[in-house]
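Dear colleague,

Please find below the structure that I am handing over to you, together with its sequence. My notes on what was found in it follow directly after.

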Amino acid sequence: MKKLFLIDFLWIGLAILAGLVWSQHDQNEYASQLDHLGMSEMAQEYVTSSSRSVTKAVAELEKTDFSGYQVQFVTKQLVYVYQRGSVASLPVETGQWFSTGDFASSLPVAVVGHDLADKLYTGSNNQRYLSVNGQYIPVMGTVGTRKGSPLNKAVFLNTSPSMANEGLTLKQVKIYVDGANQHSKTLKTILRASRVHRVHFSDSDAATWWRAYGQTALFCVLLLMGAGILSLLMVTLIGPLQTSGLEINMRARYLRGVLSSCASHVGISLFLGGLFANWWFYFTTRTNIWSFLVILTIATIIFLRYLIRRKDRTSATT
């Protein structure tokens with residue numbers, strides 16, 4: 001079994017490659033999230049034709065006892081934000097994002113994309129202002145990401161009691177909610193929604209789907225194929241199976257021992273490679289890489305079991 005240590009480095013390398021694949025996937029997914037103003041793929045759209053004002057809906061949201069979510073009321077020019085608790089944040093370049101107090105304050109404030117920074121008005125105290133519907137609103141900060149992203153041109157306003165557009169109704173906006181799927185029944189009532197559905201940001205465009213999911217799926221298949229090749233190499237390196245003359249129970253016990261030895265090499269190597277990948281690469285969430293490594297380990301053990309039994313049958317007939 002000492003020969004198996006030679007192949008352990010290949011298993012470690014395979015785990016590191018898996019880390020690279022899922023790190024790239026996370027970065028693409030995060031880029032897509034930024035393109036959609038911070039809304040994740042789990043976000044829901046609440047469709048309504050209600051003439052209820054946005055301010056009244058926000059007042060009811062204030063009375064709820066759950067947190068950790070964000071609501072965006074999106075118009076063509078502006079994004080009104082209501083947030084409870086901590087949620088995924090946008091990349092702030094200057095200043096700051098809205099605080100908890102901003103959503104209860106009577107003062108409307110804004111955060112804008114960095115492409116709009118040069119279009120702001122600067123007051124005598126170096127405070128920057130944005131003109132919205134004839135009203136000058138203080139700008140708290142700017143957000144931005146790679147060139148060409150819609151985030152760079154976005155204008156976010158807090159949903160304060162004195163909103164820049166007080167007459168705005170629910171039917172005049174698109175309503176996106178992220179982080180509160182388990183409370184959709186309550187939110188549906190508050191937002192007067194006739195239906196709720198997942199937001200399909202990647203829509204049906206093949207190129208977009210391929211960028212978001214296809215490449216990762218292809219590389220995962222290639223990694224599984226690589227694991228199959230390494231499994232074949234492992235079974236070859238262990239040499240002839242010493243099962244000749246053994247009774248059925250002893251034979252089965254011996255084969256389990258061989259499988260256990262191979263599986264321990266695979267499991268430890270993939271774990272060490274996973275640790276290195278988590279240290280070296282960037283991940284927005286580490287669940288994906290570890291889930292894949294667990295699946296890879298289980299699939300490899302199943303394939304090793306098949307190869308070892310097949311090798312035993314072959315040796316028994318020769």
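The buried residues of helix 2 are covered by elements that include strand 2 (69-74), strand 3 (79-84) and helix 3 (184-190). Please bear in mind throughout that this is a predicted model. Helix 2 itself spans residues 54-62, and its buried residues are Val-54, Ala-57, Val-58 and Leu-61. They lie on the same side of helix 2, because the arc they cover around the axis is only 100°.

I turn next to the salt bridges, of which the structure holds three. As background, side chains of opposite charge can pair when their charged atoms come close.

One of these salt bridges joins Glu-60 and Arg-52, with 2.1 Å between the closest N and O atoms. Glu-60 has a relative accessibility of 27% and therefore counts as partly exposed. Arg-52, by contrast, counts as buried, because its relative accessibility is 15% and the limit for that class is under 20%.

Another salt bridge is formed by the side chains of Asp-115 and Lys-153, at 3.6 Å from N to O. This pair links distant parts of the chain, the two residues being 38 residues apart. Asp-115 sits in the loop between strand 5 (110-113) and strand 6 (121-122), while Lys-153 sits in the loop between strand 8 (135-143) and strand 9 (155-158). With a relative accessible area of 33%, Asp-115 is partly exposed. Lys-153 is exposed, its relative accessible area being 59%.

The side chains of Arg-251 and Asp-312 also meet in a salt bridge, at 3.0 Å from N to O. Since Arg-251 belongs to helix 5 (residues 248-280) and Asp-312 to helix 6 (residues 287-317), the pair ties together parts that are 61 residues apart in sequence. Arg-251 is partly exposed, with a relative accessible area of 22%, whereas Asp-312 is buried, at 7%.

Is Ser-231 buried or exposed? Its relative accessibility is 0%, so Ser-231 counts as buried. Which residues does Ser-231 touch, leaving aside those up to four places away in sequence? They are Trp-11, Thr-300, Phe-303, Leu-304 and Leu-307.

As regards cysteines, a search of the whole structure finds zero disulfides. Cys-220 counts as buried, because its relative accessibility is 11%. Cys-262 likewise counts as buried, with a relative accessibility of 0%.

Finally, I would draw your attention to Val-132, which is found in strand 7 (residues 128-132). Val-132 counts as buried, because its relative accessibility is 5%. How far apart are Val-132 and Ala-217 in sequence and in space? They are separated by 85 residues in sequence and by 45 Å in space, taken from C-alpha to C-alpha.

Yours sincerely

Terms used. Residues numbered from 1 in each chain as written. Predicted model: local features only at pLDDT ≥ 70, side-chain atom pairs only at ≥ 80, totals over all residues. Heavy atoms only, no water. Buried < 20%, exposed > 50% of the residue type's maximum accessible area, 1.4 Å probe, protein only. Contact = heavy atoms within 4.5 Å. Disulfide = S-S within 2.5 Å. Salt bridge = Lys/Arg side-chain N within 4 Å of Asp/Glu carboxyl O. Helix = DSSP H or I, 4+ residues; strand = E, 2+ residues; numbered from the N terminus. Arc of directions from axis to C-beta.
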